[in-house]
Amino acid sequence: MITVSDVSKGFGGRTLFKDVNVTFPAGRNYGLSGPNGAGKSTFMRILIGDEPSDKGHVKLPERTGWLRQEQGAFDAHTVLDTVIMGNKRLWDARLEQETLYAKEDFDDDDGMRVADLEGIVAEENGYTAESDAAVLLDGLGVTEEFHDRQMSVLQGGMKVRVLLAQALFGEPDALLLDEPTNALDMESIIWLEDFLMRYDGVLVVISHDRQFLNNVCDHIADIDFETIITYVGNYDDMVRTKANVRGRMEKDKAQREKKIAQLQDFIQRFGAGTRASQTRSRQRQITKLRPDEVKRSNIARPYIRFDVGESNSGRDPLEIRDLSFAYGDNVIFSGFNTMVQRGDKIAVVGRNGIGKTTLMKALIDKANEQAGSVRWGHNTRVGYMGHDHREEIDKGTEVFKWLFAQRHDADENNVRATLGRMLFSGEDGLKPTTTLSGGEAARMVICKLILLQYNLLILDEPTDHLDLEAVSALREAIEAFDGTVIYVTHDRDLASAANRVWTYPEPGVLIDFDGNLEAYLDWYDKHYKSN
């Protein structure tokens, strides 16, 4: 069990949460929810002990695993050793064993201590530690060729997978995971879901992947109204419950304010006359009815709608013939042929590093050494959102100025309205572009796509840094769009909006699957996993 007692935290003069008292019992999987900036990662760091609270304290089980954020902390160790270090008791026992065995004057006391350590190793399943660690790594997409390599040679995304395996290793009583799916492809996310659904400790996890939260979590701890409220059920259950509760609160407040208005009207009309005693009685009623302030929710949902403008593309906005790409002898894809029809929503899925971004860049002619042809159809206007959203926004300017510069013929009020719909209101338009967070940068690029009214959109991991409300709004926008969308994503909820899937069932092989994500996953299970 995790116990949080009277914990408060403020930042920059703003209260994130105050006097929080909550317990997370064993056997439950909690999703920690709230919009960007609500304090989810701050609360997670307080649980772990990486950040102090303003007041209060936290009690954790002795065996607690968490996803570490310091990617370089284990560079001197091998991948397998880094995972095994997730069980501190086992790792310390093995280190002490090595030290004792290395002594030149090994005596009887040392022998007795080694025997004690052997007992600890046995209790902690130390004799199968390497194979247990390997199973975790394989499930998370870290193949055997990496297991004996130094952490220092791995790229950032691969390091995150190893650190996630470290958190899962050793059967911890509690798991604290901040965005564990960020570095994972769809196949690894599905594996992690299965692992966590079988996990019998207490889990607290932050994720912007709605389907992941719905599949894994049986409770939600929601940061809102300057506190943390727990709900039974998954994320969608929490949203429905929260909407109903908020609706009842608002309705009750409205009814009380209506009654107060009626009483005040009576007091105004009869306060100075013979009915003074009645007016005093009504004044006391007003005091009792005066509603407490209903704290404002910090949830804000952007409004995303893409418009093709005055004209859409032709019937066939894109034709691809014999498209190939390779880095030397490493073939990313070859001989890819397809025709895209107006209105298609195409999800591009596959393992990390397999070539999805390379394909997107090849389509917009930002990649070199490609073979084949990419032909855009009549009146096709292409909008692109790259993987690194910040690179697309000029530095040294302000939010409004940057967006207005994208389309000088736009009405200033239209530009401000677009910013407002994407949660940049009032003085946010004066914010320097260099200070934008990852989520703000993503929303700014979406503002550009809305304003310029493209009829074909190419989106490379558009959900990176977006919170759950924004991801849901983006899915609705893709479904409602009259134009065509080709988008890379690991988010299954977003990918489920597609009617076609471009994917790499194996390295170097790119296919166009004519069907939705569910149909593709069924096909993949039959043709690849069963073999």
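Leu177 makes contact (heavy atoms within 4.5 Å) with Met44, Leu67, Leu164, Ala167, Leu168, Leu196, Leu203, Val204, Val205 and Ile206, leaving aside neighbours within four places in sequence. Please keep in mind that this is a predicted model, where local features need pLDDT of at least 70, side-chain atom pairs count only at pLDDT 80 or more, and totals for chains, interfaces and linings use all residues. Residues are numbered from 1 along each chain as its sequence is written, and side-chain values use heavy atoms, with hydrogens and water left out.

**Nonpolar cores**

- A nonpolar core here is a set of buried Ala, Val, Leu, Ile, Met, Phe, Trp, Tyr and Cys residues joined through side-chain atoms within 4.5 Å.
- Buried means under 20% relative accessible area, exposed means over 50%, and partly exposed falls in between (1.4 Å probe, protein chains only).
- The largest core counts 51 residues, and Leu168, Leu177 and Leu196 have the most contacts inside it.
- Helix H6 (residues 156–168) gives the most to this core, with 7 residues; helices (H or I, at least four residues) and strands (E, at least two) are DSSP runs, numbered from the N terminus.
- Another core, of 50 residues, lies apart from the largest one, and its members include Phe400, Phe404, Ala410 and Ala442.

**Salt bridges: the overall picture**

- The structure holds 30 salt bridges, each a side-chain nitrogen of Lys or Arg within 4 Å of a carboxyl oxygen of Asp or Glu.
- One network of salt bridges links Arg63, Arg89, Glu123 and Glu124.

**Helix H8 to helix H9**

- Asp236 and Arg210 form a salt bridge whose closest N and O atoms are 2.8 Å apart.
- This pair links distant parts of the chain, with Arg210 in helix H8 (residues 210–216) and Asp236 in helix H9 (residues 235–270), 26 residues apart.
- Arg210 is buried at 18% relative accessible area, whereas Asp236 is partly exposed at 24%.

**Pairs involving helix H15**

- Glu476 and Arg301 meet through their side chains in a salt bridge (2.7 Å, N to O).
- Here too distant parts of the chain are linked: Glu476 belongs to helix H15 (residues 468–480), while Arg301 sits in the loop between helix H10 (276–289) and strand S10 (318–327), 175 residues apart.
- Glu476 is partly exposed, with a relative accessible area of 37%, and Arg301 also counts as partly exposed, at 37%.
- Arg475 has a salt bridge with Asp493 (3.2 Å, N to O).
- Arg475 lies in helix H15 and Asp493 in helix H16 (residues 492–495), so this pair ties together parts 18 residues apart in sequence.
- Arg475 is buried, with a relative accessible area of 18%.
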